[in-house]
Amino acid sequence: MNDRWYSEAVVYCLDIDTYADSNGDGVGDIQGLIGRLDYLARLGVTCLWLHPIHPSPNRDDGYDATDFYNIDPRFGTLGDFAELLHQAANRGIRVIIDLVVNHTSNEHPWFVSARSSPDSPYRDWYVWSDQEPADRFQGMVFPGEQHETWSYDRTAKSWYYHRFYRFQPDLNFSNPAVRAEIKKIISFWLQLGVSGFRIDAAPFIIELTEPGNPNSPKDFEFLTDLRQHVQWRRGDAVLLAEANVEPDQLVAYFGDRGGSGNRLHMLFDFMLNGRLMLALARHDPEPVIDALRDTPALPYGASWATFLRNHDEIDLSRLTAEQRNQVFEKFGPDEEMRIYDRGIRRRFAPMLGNDRRRIELAYALQFSLRGTPVLRYGEEIGMGEDLSLPGRESIRTPMQWSYKQNAGFSTADPEQLVRPVIDSGEFGYETVNVTAQRGDPGSLLSWFERMIRTLREAPEVGKGTCTHIDVVLPPGVLAHRADGSTGTMVFLHNLGPDDATVDLGSLYEEADLPIDVLTDRRYRPVGKLDELQVAGYGYRWIRLCRGDAVS
Ligand code: NOJ
């Protein structure tokens with residue numbers, strides 16, 4: 001039985017264009033990715049989240065599509081994509097894709113037609129206003145790069161709405177024809193065999209935009225409708241959404257009908273992400289404890305997706321100004337490392353000073369918390385960023401496979417590459433690459449393989465409950481537990497630099513031959529749990545007992 005597969009998945013996200021180039025044109029492609037599936041299977045990930053795969057002028061890295069029913073020709077064809085799904089399935093790996101339907105590119109034929117005439121059949125597919133709306137300068141998502149949310153279109157002789165960049169006109173979700181089309185797009189990709197979607201900008205696809213009203217009403221029933229549609233077409237498909245909203249609004253996105261979620265299956269946990277950053281910056285578990293306490297109860301079947309890095313900036317907007325500054329000081333001290341007044345455009349390893357202990361600690365902690373972990377490509381080998389690239393491109397450099405030219409990503413001339421590889425310094429490809437780490441049991445990559453394997457043997461982490469163990473502990477140490485039908489895991493993570501001794505003897509009664517299953521170093525055996533050593537920046541994953549489901 002493997003229903004709710006997503007609650008015990010390990011998700012790996014990647015951009016096809018920077019992953020592996022099979023034909024030497026400088027751009028990663030689907031065949032290149034197929035060639036790396038064995039690597040991903042060995043790493044242990046069970047689901048790929050592919051960033052946008054559609055044809056696009058690429059002014060927002062593919063989040064500006066011109067055809068939702070096709071594959072960017074630089075990546076290959078629909079045939080290649082079907083082959084990818086087949087090859088991934090052969091290795092037990094599912095694939096979900098980005099569904100970016102809040103907006104299209106302004107080069108999408110729908111928008112080209114819509115702006116050409118008020119009589120165009122697509123005119124009402126977008127959001128227009130004859131007058132300049134009073135909220136023209138409100139609600140920008142990219143402050144500094146975006147100046148307004150309504151722009152005047154000379155051809156249309158009207159103002160159009162764009163929540164994001166001006167080349168991304170919003171689709172009009174008040175229009176039933178648009179809703180029907182979105183369902184058709186979903187059906188198309190499900191029919192090809194994807195296991196679900198990462199819904200881009202979920203709060204905005206339910207927005208019924210009214211010109212002049214910066215707080216336009218939201219129609220959550222559209223999410224209920226999408227869920228039903230998806231489930232009828234493919235029972236095990238999943239909707240994982242990006243909704244970076246206030247915590248008290250989150251539950252509405254999961255929906256709740258008689259205790260069961262009836263809207264989105266999963267949401268990215270932005271709240272936890274910010275608190276994790278704060279905890280790591282302060283060497284203090286308190287923000288994580290707060291996050292666990294503040295987590296709303298979820299309906300049955302709903303899960304969080306946890307992450308440390310994704311393809312965007314680390315968004316600290318849910319922290320207070322003071323907390324944000326603390327994180328900035330530690331992890332983004334220079335102005336060039338920051339973006340949109342709220343985020344950090346760096347990879348994780350450099351943020352932590354390339355300190356292996358702290359990198360392991362942070363990822364061990366993320367993967368041990370409730371929900372499904374999402375890992376961004378390159379993090380498993382500790383890749384760095386290139387701050388000379390504009391905006392969020394700093395963390396979107398090609399995967400570093402080997403010592404070969406272009407990091408083994410492509411055989412093209414370096415000038416032809418979709419983005420330059422990082423070729424110098426501590427994070428240059430000659431130092432940080434898969435080949436170097438693959439054969440080394442002490443490498444970060446080998447550690448990730450071990451850690452993911454260990455996690456997959458503990459399904460209660462994703463499926464069960466996650467609770468802070470509220471006993472007096474030395475400063476810096478977090479103790480939490482995961483309980484489910486497969487048993488109980490207990491976790492110690494020391495966010496501080498000093499070695500500590502922890503007394504969890506009160507749990508001993510529940511224990512059944514407790515043992516360490518993942519640690520940062522060799523510790524004395526667990527014993528009666530009353531004298532557990534944990535080194536500075538160390539961690540111990542302890543199997544307390546097995547449940548009825550596993551004998
Ligand atoms: C959210 C995506 O994560 C981001 O990369 C993109 O720029 C915006 N949505 C607009 O689609």
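In what follows, Ala, Val, Leu, Ile, Met, Phe, Trp, Tyr, Cys and Pro count as nonpolar, Asp, Glu, Lys and Arg as charged, and the others, Gly among them, as polar. By these classes, the lining of the largest pocket in this predicted model has 13 nonpolar, nine polar and 13 charged residues.

**The largest pocket**
- The largest pocket holds about 740 Å³ of space, and among its 35 lining residues the closest to its centre are Val-141, Phe-164, Phe-204, Glu-242 and Asn-244.
- Because domain 1 (5–103 + 176–454) and domain 2 (109–161) both give residues to the lining, the largest pocket lies between them.

**The ligand and its surroundings**
- An oxygen atom of the ligand lies 2.5 Å from a side-chain N or O atom of Asp-312, while for Asp-60 the corresponding distance from a ligand oxygen is 2.7 Å.
- His-103 places a polar side-chain atom 3.1 Å from an oxygen atom of the ligand, and the protein covers 98% of the 300 Å² of accessible area that the ligand has on its own.

**The second largest pocket**
- The second largest pocket has a volume of about 390 Å³, and of the 19 residues that line it, Leu-298, Trp-304, Arg-370, Gly-464 and Thr-465 are the closest to its centre.

Note on methods
Residues are numbered from 1 along each chain as its sequence is written. This is a predicted model: local features need pLDDT of at least 70, side-chain atom pairs count only at pLDDT 80 or more; totals for chains, interfaces and linings use all residues. Side-chain values use heavy atoms; hydrogens and water are left out. A polar contact is a pair of N or O atoms within 3.5 Å; within protein, one must be able to donate a hydrogen and the other to accept it, and residues adjacent in sequence count only if both atoms are side-chain atoms. Accessible areas come from the Shrake-Rupley method with a 1.4 Å probe; for residues, only the protein chains shown count as cover. On a 1 Å grid over the protein atoms alone, a cavity is a set of points where a 1.4 Å probe fits but cannot get out, and a pocket is an open set with protein on both sides within 12 Å along at least five of seven lines; lining residues have an atom within 4 Å of a point. Grid points are joined across faces, edges and corners, and a volume is the space filled by probe spheres set on the points. Domain bounds come from an automatic or database domain assignment.
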